[in-house]
Protein chains: 2
Amino acid sequence: MPADHAHAHSGCFDLAAQEAVYRAIFTRRDVRSHFLPDPLDDDMLARLLMAAHHAPSVGFMQPWNFIVIRDQRRRQQVRDLFLAARQQELPHIAEERQALYRKLKLEGICESPLNLVVTCDRSRSRNSPLGRWHNPEMDLYSTVCAVQNFWLAARAEGVGVGWVSIIDREALKRMLAIPEHVVPVAYLCVGRVSEFAARPDLERHGWGSRLPLADLIMSEEYCGDGETELKDAAARLAGTPVGA
Amino acid sequence: MPADHAHAHSGCFDLAAQEAVYRAIFTRRDVRSHFLPDPLDDDMLARLLMAAHHAPSVGFMQPWNFIVIRDQRRRQQVRDLFLAARQQELPHIAEERQALYRKLKLEGICESPLNLVVTCDRSRSRNSPLGRWHNPEMDLYSTVCAVQNFWLAARAEGVGVGWVSIIDREALKRMLAIPEHVVPVAYLCVGRVSEFAARPDLERHGWGSRLPLADLIMSEEYCGDGETELKDAAARLAGTPVGA
């Protein structure tokens with residue numbers, strides 16, 4: 001964290017700096033393989049957490065906490081939760097896709113050097129829920145922004161992150177003594193990796209393909225036509241390699 | 001989007017590139033003021049949307065759409081929704097903070113050159129809800145990751161973004177013809193700005209202060225002691241100017 005950050009607020013990013021931000025965004029991956037066993041340096045992990053801590057939060061609520069899990073036995077127990085959840089989810093997947101689903105690697109809980117749970121304390125705004133009276137879920141969304149900051153900073157530091165979403169959250173809460181008013185928003189596997197895949201695993205394995213951006217743009221209202229020039233610009237971009 | 005992104009997956013970020021990513025994270029602001037009236041270039045807006053479109057998504061679901069709103073009359077109507085919602089929220093704010101709440105500028109709907117609604121189509125995984133059987137909210141979280149990508153890319157391009165959360169979402173859905181199965185996750189005000197504030201507005205106006213990062217770190221379970229070295233590293237970072 002260089003001292004000149006404080007002076008850089010109004011400054012523009014030069015082209016190289018802009019490219020660095022886009023590169024982190026386009027080459028970030030949800031990592032399940034290629035974890036190296038090397039422990040993460042505490043100074044570096046602190047930087048990643050500081051990045052998370054500078055996410056936007058509704059009413060400046062900063063509802064997050066960070067539970068660092070290193071114990072191998074505990075992680076094995078979490079992995080057992082994942083395995084059970086995957087078995088429960090399997091029958092809900094379309095039959096013709098179940099064979100592929102079974103082959104997908106969907107977590108790196110034990111291979112990664114550490115796991116991180118990012119939680120949301122829903123009580124932290126106390127008696128002044130600015131921005132949450134109509135939309136109480138905004139604190140959960142703020143916590144997700146913290147996860148994404150962490151993920152992008154990690155990519156820039158050469159650290160892979162994988163979000164495990166196939167898990168019974170109530171069982172996880174009991175295992176980690178997480179109180180009622182706190183939600184474990186993200187269970188992350190974190191560690192240095194030997195490589196970042198060129199494309200998302202699910203794309204590579206044929207689970208899905210990248211939708212054309214231009215098709216996702218609407219004008220003025222849902223399904224509203226228009227924005228032809230913007231859509232053309234999006235279509236031009238889609239033809240260039242962007243780490244998709 | 002340079003062609004060399006495709007070759008940069010395994011590559012490390014050099015120090016300058018890492019700093020650029022951290023700088024975007026630390027100097028990003030929830031912008032409500034300082035919008036310039038200049039229209040945004042379509043090529044640039046397409047780049048920002050492409051950044052959003054490269055967010056992680058559960059089961060590679062890509063559940064997002066982007067509604068671009070430019071019409072001034074429509075935006076005035078949305079602003080009326082905000083004003084009504086603020087009046088409804090006010091009595092739920094602690095009495096001693098209501099005077100400050102009234103003074104805060106909490107949106108830039110009409111001053112910014114455009115508004116953007118990022119929606120989540122909850123039906124897009126069809127019959128294969130990979131990663132969503134236990135946690136169906138994961139598609140909403142994916143959409144929030146897209147918002148954060150957009151926000152950080154915008155910061156790098158010198159574009160301010162403000163998320164309006166004080167709004168009645170059902171009323172907004174009716175106004176924008178958003179169907180039942182689609183959630184408007186974020187209502188964003190977007191535009192070039194004359195400056196990015198050195199600190200978040202709510203911190204500057206005394207609504208809250210940045211929590212010490214070290215206090216937010218837990219070990220192995222909720223409120224678990226430990227991680228002394230990591231907390232020390234976090235405390236050392238907190239003493240350096242990082243655009244907080």
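The expected span of a helix is 1.5 Å times one less than its number of residues. Helix α2 of chain B, residues 42-53, has 12 residues and should therefore span 16 Å, and its end C-alpha atoms are 16 Å apart, in agreement. The model is predicted.

**Helix α2 of chain B**

- Most of α2(B) is covered, with 10 of its 12 residues buried.
- The buried residues are B:D42, B:M44, B:L45, B:A46, B:L48, B:L49, B:M50, B:A51, B:A52 and B:H53.
- Where α2(B) starts, a side-chain oxygen of B:D41 comes to within 3.2 Å of the backbone nitrogen of B:D43.

- Side chains of opposite charge can pair when their charged atoms come close.
- Over all chains, the count of salt bridges is 31.
- In chain A, one of them joins A:E157 to A:R47, at 2.8 Å from N to O.
- This pair connects distant parts of the chain: A:E157 sits in the loop between α5 (138-156) and β3 (159-163), A:R47 sits in helix α2 (residues 42-53), and the two are 110 residues apart.
- A:E157 has a relative accessibility of 7% and so counts as buried.
- A:R47 has a relative accessible area of 22%, so this residue is partly exposed.
- In chain B, B:E157 and B:R47 form a salt bridge whose closest N and O atoms are 2.8 Å apart.
- B:E157 is buried because its relative accessible area is 7%, under the 20% limit.
- B:R47 is partly exposed because its relative accessible area is 23%, which lies between the 20% and 50% limits.

**Other salt bridges in chain B**

- B:R204 pairs with B:D201 in a salt bridge, and their closest N and O atoms are 2.6 Å apart.
- Both B:R204 and B:D201 belong to helix α7 (residues 201-204) of chain B, where they are three residues apart, or about one turn of the helix.
- With 42% relative accessibility, B:R204 counts as partly exposed.
- A network of salt bridges links B:R79, B:K105, B:E107 and B:E111.

**Positive phi angles**

- A:H34 is not a glycine, yet its phi is positive, near 70°.
- A:H34 is located in the loop between α1 (15-27) and α2 of chain A.
- The relative accessible area of A:H34 is 37%, so A:H34 is partly exposed.
- B:F60 also is not a glycine and has a positive phi of about 50°.
- B:F60 is part of the loop between α2 and β1 (64-69) of chain B.
- B:F60 counts as buried because its relative accessibility is 10%.

**Cavities**

- There are four cavities of 30 Å³ or more.
- The volume of the largest cavity is about 80 Å³.
- Its lining consists of A:R29, A:D30, A:V31, A:R32, A:S33, A:H34, A:E195, A:F196, A:A197, A:D201 and A:R204.
- By type, the lining of the largest cavity has six charged, three nonpolar and two polar residues.
- A:H34, with its positive phi, is one of the residues lining the largest cavity.

Note on methods: Residues are numbered from 1 along each chain as its sequence is written. Chains are lettered from A and ligands numbered from 1 in the order in which they are written. Side-chain values use heavy atoms; hydrogens and water are left out. On a 1 Å grid over the protein atoms alone, a cavity is a set of points where a 1.4 Å probe fits but cannot get out, and a pocket is an open set with protein on both sides within 12 Å along at least five of seven lines; lining residues have an atom within 4 Å of a point. Grid points are joined across faces, edges and corners, and a volume is the space filled by probe spheres set on the points. Ala, Val, Leu, Ile, Met, Phe, Trp, Tyr, Cys and Pro count as nonpolar, Asp, Glu, Lys and Arg as charged, and the others, Gly among them, as polar. Helices (H or I, at least four residues) and strands (E, at least two) are DSSP runs, numbered from the N terminus. Buried means under 20% relative accessible area, exposed over 50%, partly exposed in between (1.4 Å probe, protein chains only). A polar contact is a pair of N or O atoms within 3.5 Å; within protein, one must be able to donate a hydrogen and the other to accept it, and residues adjacent in sequence count only if both atoms are side-chain atoms. A salt bridge is a side-chain nitrogen of Lys or Arg within 4 Å of a carboxyl oxygen of Asp or Glu.
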